[in-house]
Amino acid sequence: MVRSGGRGWYGKVLAAALGVTAVAAATSFWSAQLGSTGGRPAQSGVSAPAAKSPTQQGRKTTPVSAEIAHASDGGAHSVNITIDDGPDPVWTPQVLQVLRDNGVKATFCMVGTQARAHPDLVKQVVAAGHLLCDHTVSHDVTMDRKSEAYQSQQILDAERMITEASGGVRPLYYRAPGGAFTPYSRHLAASRGMRPLGWNIDSKDFERPGTSTMVATVKNEISNGPTLLFHDAGGDRSQTVAALREVLPWLKEQGYSFGFPVR
């Protein structure tokens, strides 16, 4: 998931998000200005906020490590399947079916506006035993060059959207779009109980290089580490679905199990 231009889909997502953020900014902006009640230190020296959304009232948020996670909780011979940018009404159900067919659980890194638009799919993901990850409101890959107030809005508003869409299940991870983490965003997410999540193997499926190329990438780079990156939105994901149909059985044949990223 490299940073690149030409992602028209994200321009549309960003435009849709602006309508949300204009209203949400009034409630989120303060969180980047005030000290938290027990959050980790932010980049500016201000404590990361820990405000609760309406669906989280009365539920304690336990901070987690702010270090970017790559390892699997399943041990040395376990891999993590991570799926970014959805949910999408065409491709998410197909990805869910492939995972179901292979008995694999994954981590879905959802864009806030997508989650809000398709709450039924968010609930299907949760019901199938997969975990949720905050992938910001509008997938801005330049977040690391934006203000702390903007980063806060993108992370906290997406957390709220995903939690509400799921029926109250909170995301357990935060993945910065394009890997655009900052010390502030990592500590903010961690103060909300969302472990920053990286990846070791990028399938490059966003570029649609062909199913065979994607499969070869996974096979050639599996020694790089356990966390694999795929997408279920942002365009035609037929190659991703086909690649997962080949990759998941192959990983099992190599003796790999499937876990979730460490927290």
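Reader: Where is the place of Arg175?
Author: This is a predicted model; local features need pLDDT of at least 70, side-chain atom pairs count only at pLDDT 80 or more, and totals for chains, interfaces and linings use all residues. Residues are numbered from 1 along each chain as its sequence is written, and side-chain values use heavy atoms, with hydrogens and water left out. Helices (H or I, at least four residues) and strands (E, at least two) are DSSP runs, numbered from the N terminus. Arg175 sits in the loop between strand E4 (173-174) and helix H6 (183-191).

Reader: Is Arg175 buried or exposed?
Author: Buried means under 20% relative accessible area, exposed over 50%, partly exposed in between (1.4 Å probe, protein chains only). Arg175 has a relative accessibility of 0%, so it counts as buried.

Reader: How far apart in space are Arg175 and His139?
Author: In sequence, 36 residues separate Arg175 and His139. In space, C-alpha to C-alpha, the two are 9.9 Å apart.

Reader: Which residue is the bridge partner of Cys109 in E3?
Author: Two strands pair if DSSP finds at least two bridges between them. Strand E2 (residues 107-110) and strand E3 (residues 131-134) pair in the parallel sense, over four bridges. Within E3, the partner of Cys109 is Cys133.

Reader: How many disulfides does the count come to?
Author: A disulfide is a covalent bond between the sulfur atoms of two cysteines. The rule here asks for a pair of cysteine sulfur atoms within 2.5 Å. Cys109 is buried at 0% relative accessibility, and Cys133 is buried at 0% too. By the sulfur rule, the number of disulfides is zero.

Reader: Which residue in E4 is the bridge partner of Cys133?
Author: E3 and E4 pair in the parallel sense over two bridges. In E4, Cys133 has as its partner Tyr173.

Reader: What handedness does the β-α-β unit of E3, H5 and E4 have?
Author: A crossover is right-handed if, with the strands pointing away from the viewer, the path from the first strand over the helix to the second runs clockwise. The unit made by E3, H5 and E4 is right-handed.

Reader: Why is H5 largely enclosed by the rest of the structure?
Author: Helix H5 (residues 148-166) has 19 residues. Gly167 follows H5, with a positive phi near 90 degrees. H5 is largely enclosed because its buried residues number 16 of the 19.

Reader: How many residues of strand E7 are buried?
Author: Strand E7 (residues 227-231) is mostly covered. Thr227, Leu229 and His231 point one way, Leu228 and Phe230 the other way, and all are buried. The tally for E7 is five of five.

Reader: Which residue stands opposite Phe230 in E7?
Author: Strand E1 (residues 78-84) runs parallel to E7, joined by five bridges. Strand E6 (residues 201-202) also pairs with E7 in the parallel sense, over two bridges. Asp202 has Leu229 as its partner in E7. Opposite Phe230 stands Ile83.

Reader: What is the mean pLDDT of the protein chain?
Author: pLDDT is the predictor's confidence in each residue, from 0 to 100. It stays under 50 over residues 1-58. In the protein chain, 77% of residues reach 70 or more. The mean is 84.

Conventions:
Expected span 1.5 Å × (residues − 1). Contact = heavy atoms within 4.5 Å.
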